Amino acid sequence: MANEEKKEEKTEKEESLKEELDKLKKEKEELFNDWQKARAELINYKKEEKERLSEVIRFSNERIIKELITVLDSFELALNSLKNEEESMKEKYLKGVILIKSQLEEILKREGLEEIPVEKGKIPDLNYMEIVSEIVTNRYPKNTVAEIFQKGYLLNGKMLRPARVAVEKEIKN
């Protein structure tokens with residue numbers, strides 16, 4: 001009888017150990033899955049932070065670029081006013097102003113600045129243009145760009161400043 005009791009005790013211990021082993025295996029599997037999930041979340045977090053930092057770097061020079069485009073506007077005005085000067089004065093200043101303007105444009109372009117294309121006679125794209133007035137020129141179809149008051153710019157594809165335009169107004173007789 002003692003042999004049978006020992007066998008029964010051994011079987012109970014084996015069952016208990018097997019249950020404990022199964023429980024530990026299940027716990028190990030859950031911990032491993034949690035670890036894998038945490039690892040994947042960390043990898044995703046690192047990737048998102050890298051993208052965010054890249055975005056911060058791309059637009060970190062936005063303030064200086066905004067200031068420089070006002071200088072670019074001044075060059076445009078200077079070039080336009082030179083058109084009205086005497087020929088002898090034009091020659092002296094025109095080459096220098098054009099050179100400085102092109103150097104400034106090249107620097108800004110390398111930093112990611114691009115001019116928003118605007119064509120007279122075309123319907124304005126309100127995503128990139130601000131209509132500041134309506135004028136009558138009789139040269140363009142109604143509600144199309146008739147005059148460009150200020151160029152618009154994108155910085156690395158992001159709107160920096162909309163182009164400011166006037167549209168052709170219909171004449172009412």
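1. Two strands pair if DSSP finds at least two bridges between them. Strands are DSSP runs of E with at least two residues, helices are runs of H or I with at least four, and both are numbered from the N terminus. Residue numbers start from 1 along each chain as its sequence is written. This is a predicted model: local features need pLDDT of at least 70, side-chain atom pairs count only at pLDDT 80 or more, and totals for chains, interfaces and linings use all residues, while side-chain values use heavy atoms, with hydrogens and water left out.

2. Look at strand β6 (residues 163–168). Strand β2 (residues 129–135) pairs with β6 in the parallel sense, over six bridges. Glu134 stands opposite Val167 of β6.

3. Strand β3 (residues 145–150) also pairs with β6. Here the sense is antiparallel, over four bridges. Glu147 has Ala166 of β6 as its bridge partner.

4. Is β6 enclosed or open? It is largely enclosed by the rest of the structure, because five of its six residues are buried. Buried means under 20% relative accessible area, exposed means over 50%, and partly exposed lies in between (1.4 Å probe, protein chains only).

5. Now turn to helix α1 (residues 2–59), which holds Glu27. Glu27 counts as partly exposed because its relative accessibility is 40%.

6. Glu12 is also found in helix α1. Why does Glu12 count as exposed? Its relative accessibility is 52%. The C-alpha atoms of Glu12 and Leu108 are separated by 81 Å, and these residues are 96 apart along the chain.
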